[in-house]
Amino acid sequence: MTYKYLLLRRGCNAPEQCIMCETDTRETDVHLFWRCPFTSTFWATLIDRLGGKLPEQPLNSHIAAWKYPRIIGGTEGSRTWQTAWAAGLWSIWRERNNRIFSSKSKTSRMLVTETEMDIQRWLKHC
Ligand SMILES: [Zn+2]
């Protein structure tokens with residue numbers, strides 16, 4: 001199921017192609033959040049800045065780490081990873097919507113910096 005279908009059901013028109021990489025690639029949830037060149041760079045940069053290493057199979061590893069966060073590290077590392085994962089997904093979705101509905105875009109590095117601030121804020125208050 002594509003987001004295009006969901007938006008059309010609600011009366012919104014959005015491009016069927018991925019707005020993040022601006023290719024002819026159809027936007028699916030897997031492409032948007034994991035396989036898109038823009039989001040792949042975003043995840044690699046974010047994880048690197050957090051002192052981690054991007055897994056070979058990001059999607060499967062991310063989901064496994066979310067379900068079993070202790071494999072990433074101790075309690076604090078698990079909490080950071082879960083927060084980073086949620087903040088990263090939220091940032092990608094927000095950036096995607098800004099591009100479609102407000103014609104505003106950020107670079108991957110700008111988005112990572114913004115996400116790092118979200119992570120710090122969420123860790124402090126959650
Ligand atoms: Zn893309």
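Predicted model: local features only at pLDDT ≥ 70, side-chain atom pairs only at ≥ 80, totals over all residues.
**Exercise 1.** Find which residues of helix H3 are buried, and work out how they are arranged around the helix axis.

*Solution.* Start with the helix itself: H3 covers residues 37-49, which makes 13 residues. From first C-alpha to last, H3 reaches 18 Å, close to the 18 Å expected at 1.5 Å a residue. Next, pick out the buried positions, which are Phe38, Thr39, Phe42, Trp43, Leu46 and Ile47. Now look down the axis: the buried residues of H3 fall within an arc of 150°, so they line one face of the helix. Finally, step just past the end of H3, where Gly51 takes a positive phi of about 85°.

**Exercise 2.** Identify the residues that touch the most other members of the largest nonpolar core, then list the contacts of Met20.

*Solution.* The core has 18 residues, and those touching the most other members are Met20, Leu32, Cys36, Phe42, Leu46 and Ala84. Helices H2 (29-35), H3, H5 and H6 (108-125) each supply at least two residues of this core. For Met20, set aside neighbours within four places in sequence; its contacts are then Leu32, Cys36, Phe38, Thr39 and Arg96.

**Exercise 3.** Decide how exposed Asn97 is.

*Solution.* First locate Asn97: it is found in helix H5, residues 75-101. Then count: 14 other C-beta atoms lie within 10 Å. Buried needs 20 or more and exposed needs 12 or fewer, so Asn97 is partly exposed.

Technical notes: Residues numbered from 1 in each chain as written. Helix = DSSP H or I, 4+ residues; strand = E, 2+ residues; numbered from the N terminus. Expected span 1.5 Å × (residues − 1). Arc of directions from axis to C-beta. Core = buried A, V, L, I, M, F, W, Y, C linked by C-beta atoms within 7 Å. Contact = placed C-beta atoms within 7 Å.
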